[in-house]
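These are my notebook entries on one protein chain. I list what I looked up and what I found.

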Amino acid sequence: MFDMFSITVLNFLVQLFILLVGAAVLTIIILYIIDITQTSHTIRRNYPVIGRFRYFFEHIGEFFRQYFFAMDREELPFNRAERSWVYRAAKNVDRTIAFGSTRNMSSTGSIFFLNSAFPTLDEDIVEPALVTIGPNCKTPYSTASLINISAMSYGALSAPAVRALSIGAKKAGCWLNTGEGGLSTFHLEGGADLIFQIGTAKYGVRDLNGNLSDTKLAEIAAQPQVKMFELKLSQGAKPGKGGILPANKVSAEIAEIRGITEGQPSISPNGHLDIKKPEDLLEMIHHIREVTGKPVGFKFVLGEQSWFEELLQLMHTKGKDYYPDFITLDSADGGTGAAPQPLMDFVGLPLKESLPWVIDQLIKSDLRQHIKVVASGKLITPSAVAWAIAMGADFVNSARGFMFALGCIQALQCNKNTCPTGVTTHDKKLQRGLVPQNKAERVAHYHKSITYGVGIIAHSCGASSPRKMQRKHVRVVMQNGLSVPLHELHPEPVRIVESIS
């Protein structure tokens, strides 16, 4: 027999159940009325209530695909095999695999490195040498790091993420590009070498009218950690459009650093207002170098090519004082930033086509020895970095590789304030999971693993050091399924400087 207490509890539970069922039925009725009377969504109007599940499944689909449906080599922009390698490298755990490669080795564009019959022995291995950028500057910059952290602004990234990258870059001995969003205390905190990027809005070095301020430029240059300056003409995510920072990410702190209005979207012009032609670019490079005394270069995505050829000709006319100290070549494969899909998907040349062309143009113009080349765009694994070095790049920049090292899971939420790993959000609750000191170790491990992996490839090819790799060490698969050597596909050009000097 039930006692009075049990009966009371049972009555309460029954009433609660009836209340919940009633609330559910009432909610369904209200949603039904809303759906069948609204005129914006066809599915909901034709299938009231149940039509809403379509949008729910569409939303969660992007999260489920990478775990349950996509094969290891299928997913874009980075497949599971690539991400898994980065995660293991960042955690410094075993990166070997068994039972053969899952890579499709016959697909057009696949590359193979040509192992030597007499690979480099351990006692013959040479560590990557120091490379000096801007040797004729008042303050040149030298580094041996093959791979460095590409441009990602504070604002686009969270404070813990920038802090972790700064500390990790110092541990790794690589540089960290500030991105166009200005120099924050979080960039400086770790003590890493910094590349200050000047975007089209001149954030951090602008006056009240948005023009370049020599005073602020000199103040930034006075920071000993700032080693170089990079003029951003365009970036891989959105060639032809400026940076986009949504209003919900423009905090008071970010507004102060950038010199903009809090709570308003931060959208840079699609080009520098004071750089309209190649001569303007060289004049700006010369001016910034004169003010700062540090190496100056520019970043761009190659599209239309005649302007670059004109630029190289103009360099010979104006002389060495106007040469850029480095060029950062971004790729249509890039994409950390928020961007319109038409630009992300269809504008600009991928690195596999633009990098050999730019290198060859520099060689033909007899300028290659004066200008260092930094390659950027989906280069997150040792094979990709080794390819870029063999193709002629001096350095490689990576943004998304280091984002994966921080814990990014490719949730595709970078343009929102909802990044679940705290990398690209300013929501304190979501940032809580990203502990800078711990993630900094992963950044350093990833950098070390990349360098080690590139070295393994180089030594297998018989090169004693990664920067001694050449195009002859690589073959690429053509449409017929057979491969050809890169040095035949992209032969060493003949110098034609006499005709343009």
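I started with Val25, which sits in helix α1, residues 4-37. Helices here are DSSP runs of H or I with at least four residues, strands are runs of E with at least two, and both are numbered from the N terminus. The model is predicted, so local features need pLDDT of at least 70 and side-chain atom pairs pLDDT 80 or more, while totals for chains, interfaces and linings use all residues. Residues are numbered from 1 along each chain as its sequence is written, and side-chain values use heavy atoms, with hydrogens and water left out.

Next I looked up the accessibility of Val25. Val25 is partly exposed, at 41% relative accessible area. Buried means under 20%, exposed over 50%, and partly exposed in between, with a 1.4 Å probe and protein chains only.

I then checked the surroundings of Val25 on the surface. Val25 belongs to a nonpolar surface patch together with Leu10, Val14, Phe17, Ile18, Val21, Ile29, Tyr32, Ile33 and Ile36. Their accessible area together is about 890 Å². The areas come from the Shrake-Rupley method with a 1.4 Å probe, and for residues only the protein chains shown count as cover. A patch takes residues with over 30% relative accessible area and no salt bridge, joining nonpolar side chains (Val, Leu, Ile, Met, Phe, Trp, Tyr) within 5 Å and like charges within 9 Å. A salt bridge is a side-chain nitrogen of Lys or Arg within 4 Å of a carboxyl oxygen of Asp or Glu.

Entry on backbone angles. Lys202 is not a glycine, yet its phi is positive, about 60°. I found Lys202 in the loop between β6 (193-198) and α7 (214-221). Is Lys202 buried or exposed? Lys202 is buried, with a relative accessible area of 3%.

Lys378 also has a positive phi, near 65°. Its loop runs between β12 (372-376) and α13 (382-391). Lys378 is partly exposed, at 29%.

Entry on Ala393. I located Ala393 in the loop between α13 and β13 (395-398). Ala393 is buried, with 5% relative accessible area.

Last, the whole chain. I noted 17 helices and 15 strands. The C-alpha trace spans about 105 × 60 × 45 Å along its principal axes. Of the 501 residues, 49% are buried.
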